[in-house]
Amino acid sequence: MTDFAALLAPIDGQPSVPLIPVTKAGLDGWLAAQSERVRVAVAAQDFKATPDSIAILPGDGPADWFVVAGVAEGPLGPWALATPAEKLPAGRFALAGELGQAGLGWCLAQHRFGRYRRLETKGARVLTTTSLGAISAAASEAEAVALVRDLVDTPASDLGPAELAKAVIDALGSEAEVRVTTGEALIDQNFPAVHAVGRAAAQAPRLIEAVWGDAAHPVVAIIGKGITFDSGGLNIKPGGGMALMKKDMGGAAHALALAKLVIQGNLRVRLHLIIPAAENAIAGNAMRPGDIIGTRAGKTVEITNTDAEGRLVLCDAIALAAEKNPALIIDFATLTGAARVALGPQLPALFANDDALASELTSAGMAVGDPVWRLPLWAPYHDMLKSSLADMVNSADGGFAGAITAALFLEKFVPTGVPWAHFDTFAWNNASRPGRPKGGEALALRASWAMLRSRFG
């Protein structure tokens with residue numbers, strides 16, 4: 001893991017290259033105060049101060065130089081300085097002005113997942129700043145985002161349910177009490193839906209729990225879908241649909257990263273992290289269309305599509321969370337393609353049964369540059385989940401409102417009166433942007449952290 005804390009530092013008088021943010025609207029005014037030599041160098045590089053652009057310019061002495069970075073108007077956003085962090089040579093840079101949220105992008109632009117290939121060692125670009133309060137926050141959030149990215153980028157051959165449980169223990173084990181229920185013990189301890197989804201895989205399914213904090217504080221349950229690979233089961237996906245299914249544990253990665261932030265921030269909560277982990281595989285004992293399975297809550301589910309398995313493992317997790325009388329439940333899941341059709345890859349869908357909670361999450365997301373978009377829990381669509389044989393089906397016919405009906409399925413397991421937020425997230429960058437390489441990504445993580453910090457900090 002990248003040492004993010006070493007990439008940001010207070011200005012301390014050591015030799016550093018000046019780094020000056022300039023907006024497009026402010027470029028002419030800034031140029032007017034510069035030497036003719038600098039103005040010629042700016043023109044030669046065709047620098048217009050558009051966001052994500054930089055120019056390297058001569059300083060006063062023969063060996064002196066400095067950097068101007070094009071940024072958007074207003075305080076620096078999280079990705080404002082990602083481009084210079086990627087493109088500049090190793091060294092120390094002194095930021096002119098307030099850091100704002102830009103420390104996050106500065107750090108993450110220097111992180112790469114290198115488990116399977118030798119990466120070019122460019123050396124650290126260290127940013128020094130007078131914004132002392134922003135340094136530790138940026139480093140801890142960068143570490144959390146990098147944890148999500150690295151877990152999602154790891155292929156299923158090296159990240160099954162057992163390895164996911166180990167990742168939780170490695171991340172939280174020294175701080176939290178971690179419990180893992182495995183295989184047939186899931187039946188004995190009443191997690192039948194988790195068992196049904198994962199029983200056909202070579203690696204046994206697991207229910208991973210971590211508990212932390214003062215028992216007198218409000219219980220906050222954080223749940224993440226941990227399907228380490230999704231073949232679709234007997235309703236097998238086509239090859240193209242299976243290509244990215246190593247990322248189907250992205251919800252678990254988000255939940256783990258958020259739990260780690262809660263512990264590091266010492267929030268006044270009783271944390272209950274729950275990750276149902278399984279591989280949705282195909283074998284003679286695989287769950288079949290037409291099967292009727294039980295759930296921890298006692299409700300029965302008719303299986304109409306084995307590829308709608310995420311909601312099945314989540315319903316047992318939500319039922320477990322409900323037993324602790326939580327003040328709040330948040331779940332993350334790479335649940336439906338329908339959410340991507342509606343909102344695309346960059347905008348996670350938010351469902352919530354509490355308007356105040358939804359408003360807080362939406363506002364927090366906009367404030368920290370981690371936007372979410374609320375979709376409705378449209379009650380009339382509960383009819384789409386009716387079964388003539390069981391309490392409900394797991395997947396509605398017809399393909400209409402797929403993200404909404406999936407969320408409504410989960411809502412059936414949330415206790416009345418308990419605020420609940422569900423994120424249907426892509427957990428992936430399908431194209432590279434500054435500070436955000438193609439691959440695993442944390443979406444709605446920082447929005448959720450900002451909301452929790454505001455409520456319980």
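This is a predicted model: local features need pLDDT of at least 70, side-chain atom pairs count only at pLDDT 80 or more; totals for chains, interfaces and linings use all residues.
Numbering starts from 1 along each chain as its sequence is written, and side-chain values use heavy atoms, with hydrogens and water left out.

Okay, pockets. By pocket I mean an open set of points on a 1 Å grid over the protein atoms alone, with protein on both sides within 12 Å along at least five of seven lines; lining residues have an atom within 4 Å of a point. Volume is the space filled by probe spheres set on the points, which are joined across faces, edges and corners.

The largest pocket comes to about 540 Å³. It has 26 lining residues, with R311, L335, T336, G337 and A338 nearest its centre. Helix 11 (310-322), helix 12 (337-343) and helix 14 each give two or more residues to that lining, and helix 12 has the largest share, 3 residues. Helices here are DSSP runs of H or I, at least four residues, numbered from the N terminus.

The second largest pocket holds about 410 Å³. Its lining is 14 residues, and Q110, R112, E120, K122 and R125 sit nearest the centre.

Now back to helix 14, residues 402-411: 9 of its 10 residues are buried, so the rest of the structure largely encloses it. Buried means under 20% relative accessible area, with a 1.4 Å probe and protein chains only. Among those buried residues are I404, L408 and F409.

Key. Buried means under 20% relative accessible area, exposed over 50%, partly exposed in between (1.4 Å probe, protein chains only). On a 1 Å grid over the protein atoms alone, a cavity is a set of points where a 1.4 Å probe fits but cannot get out, and a pocket is an open set with protein on both sides within 12 Å along at least five of seven lines; lining residues have an atom within 4 Å of a point.
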